[in-house]
Amino acid sequence: MRGVINTSLTTHLMTKNDTVDIGIAGVLVLLGTILSMGGSFIIRIISARYLPTDEFGAVVLGISIVNLVSTSCLVGMNQGLVKYISEDITDDLRNSYITYSLLIVSITGAIVSIFGTIFYEQVRIYLFDTTVDELLILSFVMSIPFFVQYKLISGILRGKMESQGFVLLTKIFWPGGRLLLTSLAVFIIGTGTSVALAYFCSASLAAMMGLYLIKKGGWAPTLSSDTDLMGLFSFSLPLLLSSSVFILLSYFDKILIGYYISQVEVAKYEIAVTITALLGLFQTAFSFLLYPKVSELLSTGRESEITTVYQQTTKWILVLTTPAFLVLIVSPDPLIAIFGDQYQIMEIAPLISTLAVGLYIDAVVGPNGEALLGFGRSRVVLYYNLIAVGLNVGLNILLIPYVGILGAAIASMIGYTIMNLLKSFDLYIRHSIPVVDKSSVVMAAASFLGGLAFSQVMTMSGSLLVEFGKSIILGGACLLIGLGTLITTGSVTQEDKELLTEIRSNLPI
């Protein structure tokens, strides 16, 4: 493992076994992700409660467009670069890869932003209500060059396995800056345009902070003739298309809702997506190091260890995701209520349940896409994502006009499920990795069913604070049942024990 890592915690990542490396990095990223998602959650609560519903919907559309367009500007390098700079190369060559990538995405981002500025009126006509302020649209368009730099630098930090810098930039600085600036925009000015301007400022600051972090981590602008740019492009371009279709899977449904129905319905759907995203918290955290770790294991001739690393990582994800899944299925009411009375529980709860099923299946099979990328199979990931997004878009077009926003949720759930089944089957057939571990499935089933039985003896009515407290108790009971199942079935591994030891030593909480 390489890169400049300055804390005692990340020093341990270089000395412990590979599975524990992933676990410790996962815990660090998890803590940062909790802060990040908490900030994002508060941003949406503030925007949903204090902005007019149509303006909140316009902001959601604007952010969706930035994410969609920025994917093409990145040319897949934010993911492809992870593999290239995590391998055993000289510092000069690593710096050269970083420099070329920064130049390329900065140029593509600037070009797209210029075109967006010229044709913003067409964007407003086709995707927004004609009453939307032009400055709102222009603010999002001008955010694109800075946002793509921020995303690329996030990939650079991941490839260098600099967990501390990655968490600082992506889990603290970016969401923290957005939270502060959005709050000021909402409470001082109170318009969707002011929130869009806050987004532009946040993206600009995050890009500058990212450049500071990689410079501090040892990067010096270098353009070496030994840089295999064609190889990087060859690996990254499929990831560009793959990321594009994955972003489409995540955001295109909102755009179609705005097209077929209204921005008000986009706002409702965004509430459900925001709440359900809590299920992805643990997958995001514990899969952070899997991709570069698989690549490293392959380059050092230790491919036989990958199955153990993968299944152990999946078990940790599933242990923590199951309680959250149960709470969303049984008691989503308090989470919906905090967004305001204008969002009806009876409308939002079915969306949450539908989306939660797709994301929970994602947790059951584990970070299969990250593993495939570690094996260098970016084209295969592209093919599977294309199948999933094609199915998703087709179902959205078919269902939204007749079923409304529930149709979008159904389409997303089916798309995610098909994508995961294809990737998991590929890992098993091509690399002999059984992604579903029997002991993990038994634990998850016992945890969910035991928690479900426990929920039947709890009265979930009361004040908002009381309902939140009961939801926390329910999730905690579900977690304890899962851990108890692992212990009684003898499924606690040496990696589990080492991870707990490392947590006690380095993350006293």
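Colleague: Which helix do K268 and E265 both lie in?

Modeller: Keep in mind that this is a predicted model. The side chains of K268 and E265 meet in a salt bridge, 3.0 Å from N to O. The two are 3 residues apart, about one turn of the helix. The helix that holds both of them is α11, residues 263-276.

Colleague: And which residues are linked with K268 in a network of salt bridges?

Modeller: Both K268 and E265 are buried. Their pairing belongs to a network of salt bridges that takes in a further residue. The residues linked with K268 are E265 and E347.

Colleague: D91 forms a salt bridge too, so is its partner R94 buried or exposed?

Modeller: The closest N and O atoms of D91 and R94 are 3.0 Å apart, and both residues lie in helix α5. D91 is exposed, with a relative accessible area of 55%. R94 has a relative accessibility of 6%, and since buried means under 20%, R94 counts as buried.

Colleague: How many residues apart are E370 and R158?

Modeller: E370 forms a salt bridge with R158, with the closest N and O atoms 2.6 Å apart. This pair links distant parts of the chain: E370 sits in helix α17 (residues 368-374) and R158 in helix α7 (residues 134-159). R158 counts as buried at 14% relative accessibility.

Colleague: How do α8 and α9 run, roughly parallel or roughly antiparallel?

Modeller: Helix α8 (residues 163-189) packs with helix α9 (residues 192-216) at an angle of about 155°, their axes being 9 Å apart. Angles over 145 degrees count as roughly antiparallel, so α8 and α9 are roughly antiparallel.

Colleague: What's the phi of S432?

Modeller: S432 lies in the loop between α19 (405-431) and α20 (438-455). It is exposed, at a relative accessible area of 54%. Most residues other than glycine have a negative phi. S432 isn't a glycine, yet its phi is positive, at about 55°.

Conventions:
Residues numbered from 1 in each chain as written. Predicted model: local features only at pLDDT ≥ 70, side-chain atom pairs only at ≥ 80, totals over all residues. Heavy atoms only, no water. Axes fitted to C-alpha atoms, helices over the stretch in contact; angles between N-to-C directions. Helix = DSSP H or I, 4+ residues; strand = E, 2+ residues; numbered from the N terminus. Parallel < 35°, antiparallel > 145°, perpendicular 65-115°, else oblique. Buried < 20%, exposed > 50% of the residue type's maximum accessible area, 1.4 Å probe, protein only. Salt bridge = Lys/Arg side-chain N within 4 Å of Asp/Glu carboxyl O.
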